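Please read this briefing alongside the sequence and the coordinates.

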Amino acid sequence: MAAMNALARLHELTPAMLALSLPRYRGRRGVVQLRQLIPLVDGRIESHRESWAWLELADAGLPRPEPQHWIEIDGIPTYRLDFAYPHQRVAVEYDGEDFHASDEQKLDDEDRRRWLRRNGWTVVVVRKGDFTGRRLDAWVREVRVALRDQSTNRRW
């Protein structure tokens with residue numbers, strides 16, 4: 001999934017374009033899995049572990065979030081979320097070691113998330129070790145509950 005998202009990003013490929021190549025590989029190993037993954041390909045996903053989070057959300061039967069969603073403040077794109085369900089105001093953020101390790105980066109993350117929460121967003125943070133067992137179950141459940149709660153509490 002991660003390689004396919006990177007390929008789509010680098011070459012501006014869509015799932016429809018990738019699907020055109022499927023007949024060429026008929027009968028080969030992995031094609032059944034490939035058929036299942038192609039509809040999930042999205043070139044906006046920027047890292048391997050974001051791709052893993054994307055796939056976990058899909059495997060859990062959750063709706064697809066919008067990758068790289070911008071939050072505007074006074075008409076200015078200010079905060080970019082890894083994944084967002086904008087109508088429910090639910091964000092899923094993957095904190096990789098490369099971009100979230102320094103004290104300055106951690107403070108920036110805290111400030112941004114504090115602003116988001118004050119403005120009605122639920123922020124679910126996923127980290128490197130959160131892709132197996134209880135930790136995986138916990139953050140996927142957190143997303144599921146947040147989506148349900150935001151949908152039922154929403155004011156029309």
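Predicted model: local features only at pLDDT ≥ 70, side-chain atom pairs only at ≥ 80, totals over all residues.

Residues are numbered from 1 along each chain as its sequence is written, and side-chain values use heavy atoms, with hydrogens and water left out.

**Hairpin**
- Strand E1 (residues 66-73) pairs with strand E2 (residues 76-85) in the antiparallel sense over 7 bridges (strands are DSSP runs of E, at least two residues, and helices runs of H or I, at least four, numbered from the N terminus; pairing requires at least two DSSP bridges).
- The two strands, E1 and E2, form a hairpin with 2 residues between them, and Asp74 in the turn has a positive phi of about 55°.

**Nonpolar cores**
- Among the 29 residues of the largest nonpolar core, Leu62, Tyr85, Trp139 and Val143 touch the most other members (a core is a set of buried Ala, Val, Leu, Ile, Met, Phe, Trp, Tyr and Cys residues joined through side-chain atoms within 4.5 Å; buried means under 20% relative accessible area, exposed over 50%, partly exposed in between, with a 1.4 Å probe and protein chains only).
- The largest share of this core, 6 residues, comes from H6.
- A second, separate core of 10 residues includes Ile71, Ala91, Val123 and Val125.

**Helix H5**
- In H5, Asp109, Arg112, Arg113, Trp115 and Leu116 are buried.
- These residues lie on the same side of H5, because they cover an arc of only 155° around the axis (taken from the directions from the helix axis to the C-beta atoms).
- On the other side of H5, Asp103, Glu104 and Arg118 are exposed.
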